Amino acid sequence: MIHINENYLKLQANYLFTDIAKRIKAHQDRRPDQNIIRLGIGDVTHALPAVCITALHTAVDEMAADDSFRGYGPEQGYAFLRDAIARNDYQARGASIDAEEIFVSDGAKCDTGNFQELFDTAIRVAIPDPVYPVYLDTNVMAGRTGCYSDGRYEGMVYLDCTASNGFVPQLPDTAVDLIYLCFPNNPTGATITKAQLAAWVDYARDNKALILYDAAYEAFIRDETLPRSIYEVPGAKEVAIEFRSFSKTAGFTGTRCAFTVVPKDCMAYLSSGEPTSVHSLWLRRQTTKFNSVSYPVQRAAEAVYSPEGKAQVMALADDYLKNAAYIRKAFTALGFECVGGVNSPYIWINSRRDAWDFFDLLLEKAGVVCTPGVGFGKCGQGYIRISAFNSYENVQAAMARIKTALG
Ligand SMILES: *Cc1c(COP(=O)(O)O)cnc(C)c1O
């Protein structure tokens with residue numbers, strides 16, 4: 001008899017986006033005349049940078065001729081892309097990451113989801129609340145939790161991110177082995193300082209733990225004092241993996257390219273206590289289960305690092321940051337407490353009432369869609385997330401409507 005992995009039965013059906021879609025549809029049926037402005041989704045809206053389009057065209061033409069055609073590429077990604085990443089994202093910022101430590105992939109979602117399979121089922125895992133759901137659900141699937149009750153899985157160590165800690169989690173009181181951190185954060189938009197991040201690196205070193213650091217929104221950092229990479233913290237190379245993506249940085253959500261940094265100094269332990277290389281394990285895993293990213297897409301990602309590419313990507317993020325600043329200013333003027341929206345495309349707003357009630361109010365009275373914070377975890381109750389991924393005109397119109405609706 002074919003038995004299923006019953007850990008899947010513990011998963012909470014993610015009703016968040018279906019629920020949102022249902023409420024939008026009901027509203028649209030009542031008000032067919034109203035054009036709804038969506039500030040809910042974590043997907044970009046601007047086209048790919050011009051340098052990426054040119055690189056894609058050129059690479060597609062290479063694929064059209066036998067003498068320049070490419071079949072399977074290296075599982076870890078082409079050297080031209082890994083070199084560009086190591087040089088521009090790390091070495092240029094004083095982090096000594098080598099091209100061999102870069103693993104190109106088709107998304108930070110799969111990498112952040114897959115990485116936990118290198119580790120024992122019995123390890124203790126710490127996950128922020130609120131959180132990008134991938135980290136949590138993949139650990140549930142792997143059998144690292146008990147059942148779900150009252151908004152939480154048994155056996156998981158939750159790191160509360162609330163107004164009282166500035167949405168940066170405190171070190172846990174119980175020892176943990178694997179720690180997920182994401183800065184600038186989705187959904188709160190909060191950032192972490194180098195000193196705060198150093199405290200986590202020290203914790204990991206003291207406890208022989210490992211940090212999985214999701215830096216998918218690094219391109220939105222404008223404050224030069226904030227770390228863009230965990231490897232800007234001394235000693236992080238031994239205890240941290242970093243995930244990055246071209247999705248939010250360069251509009252690759254539909255094109256698919258990302259990368260994971262696994263330093264060769266990074267260790268995990270055998271049951272005997274003997275250290276073993278995480279890099280070797282991930283290399284083995286990727287070469288077995290993955291065949292990298294298509295050649296044209298890797299060329300498009302490489303183009304992001306050309307001088308024109310850097311300028312275009314900067315302009316793209318600046319556009320969204322302008323929206324974010326506008327949203328934050330408008331909600332602040334209306335008397336709401338906001339986090340994020342600076343160095344981040346997300347604004348986390350204290351709705352001072354049930355998150356879904358505020359969602360319904362904004363939808364019904366203003367025709368604006370947000371995301372109820374409770375969809376990201378228990379600590380998200382009483383908050384909504386507004387995303388800056390839209391046009392400036394739509395953002396201005398949305399805020400004008402919200403002002404009228406709440407005024
Ligand atoms: C969007 C996002 C990613 C990127 O996912 P891709 O699979 O690379 O598109 C990763 N982490 C977080 C927190 C995100 O919001």
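**View 1. Glu-242 faces Val-261, its opposite number in strand 10.** The model shown here and in the views below is predicted, so please keep in mind that local features need pLDDT of at least 70 and side-chain atom pairs count only at pLDDT 80 or more, while totals for chains, interfaces and linings use all residues. Residues are numbered from 1 along each chain as its sequence is written, and side-chain values use heavy atoms, with hydrogens and water left out.

Strand 10 covers residues 258–261; strands here are DSSP runs of E with at least two residues, helices are DSSP runs of H or I with at least four, and both are numbered from the N terminus. Strand 9 (residues 240–245) is joined to strand 10 by four bridges, and the two run antiparallel. Strand 2 (residues 102–105) is also antiparallel to strand 10 and linked to it by four bridges; two strands pair if DSSP finds at least two bridges between them. In this second pairing, Ile-102 is the residue opposite Val-261. Ala-258 and Thr-260 point one way from strand 10, Phe-259 and Val-261 point the other way, and all are buried. Buried means under 20% relative accessible area, exposed means over 50%, and partly exposed lies in between, with a 1.4 Å probe and protein chains only. In a regular strand the side chains alternate between the two faces of the sheet.

**View 2. Helix 3 packs its buried residues against several neighbours.** Spanning residues 79–90, helix 3 has 12 residues and reaches 16 Å from its first C-alpha to its last, close to the 16 Å expected at 1.5 Å a residue. That expected span is 1.5 Å times one less than the number of residues. Look for Phe-80, Leu-81, Arg-82, Ala-84, Ile-85, Ala-86, Asp-89 and Tyr-90, which are buried in helix 3. They pack against strand 2, strand 9, helix 7 (246–250), strand 10 and helix 9 (295–303).

View 3. An oxygen atom of the ligand is 2.6 Å from an N or O atom in the side chain of Ser-247. For Ser-245, a polar side-chain atom lies 2.7 Å from a ligand oxygen. For Asn-186, a side-chain N or O atom is 2.8 Å from an oxygen atom of the ligand. A polar contact is a pair of N or O atoms within 3.5 Å; within protein, one must be able to donate a hydrogen and the other to accept it, and residues adjacent in sequence count only if both atoms are side-chain atoms.

**View 4. Thr-188 sits in the loop between strand 7 (178–182) and helix 6 (194–207).** Its relative accessibility is 1%, so Thr-188 counts as buried. A polar atom of the Thr-188 side chain lies 3.1 Å from the backbone nitrogen of Ala-190. Beyond its neighbours within four places in sequence, Thr-188 is in contact with Pro-130, Phe-167, Val-339, Gly-340, Tyr-346 and Trp-348, where contact means heavy atoms within 4.5 Å.

View 5. Strand 13 and strand 14 (residues 346–350) run antiparallel and share three bridges. Val-339 has Trp-348 of strand 14 as its bridge partner.

**View 6. Helix 12 has its buried residues along one face.** Val-395, Ala-398, Met-399 and Ile-402 are the buried residues of helix 12. Seen down the helix axis, they fall within an arc of 95°, so they line one face; the arc is that of the directions from the axis to the C-beta atoms. Their cover includes strand 1 (37–38), helix 10 (307–333), helix 11 (355–366) and strand 15 (368–369). Glu-393 and Thr-404, on the other side of helix 12, are exposed.

**View 7. Ala-300 is found in helix 9.** With 0% relative accessibility, Ala-300 counts as buried. Leaving aside neighbours within four places in sequence, Ala-300 is in contact with Cys-52, Ala-55, Leu-56 and Phe-252. The C-alpha atoms of Ala-300 and Leu-48 are separated by 9.5 Å, though these residues are 252 apart along the chain.
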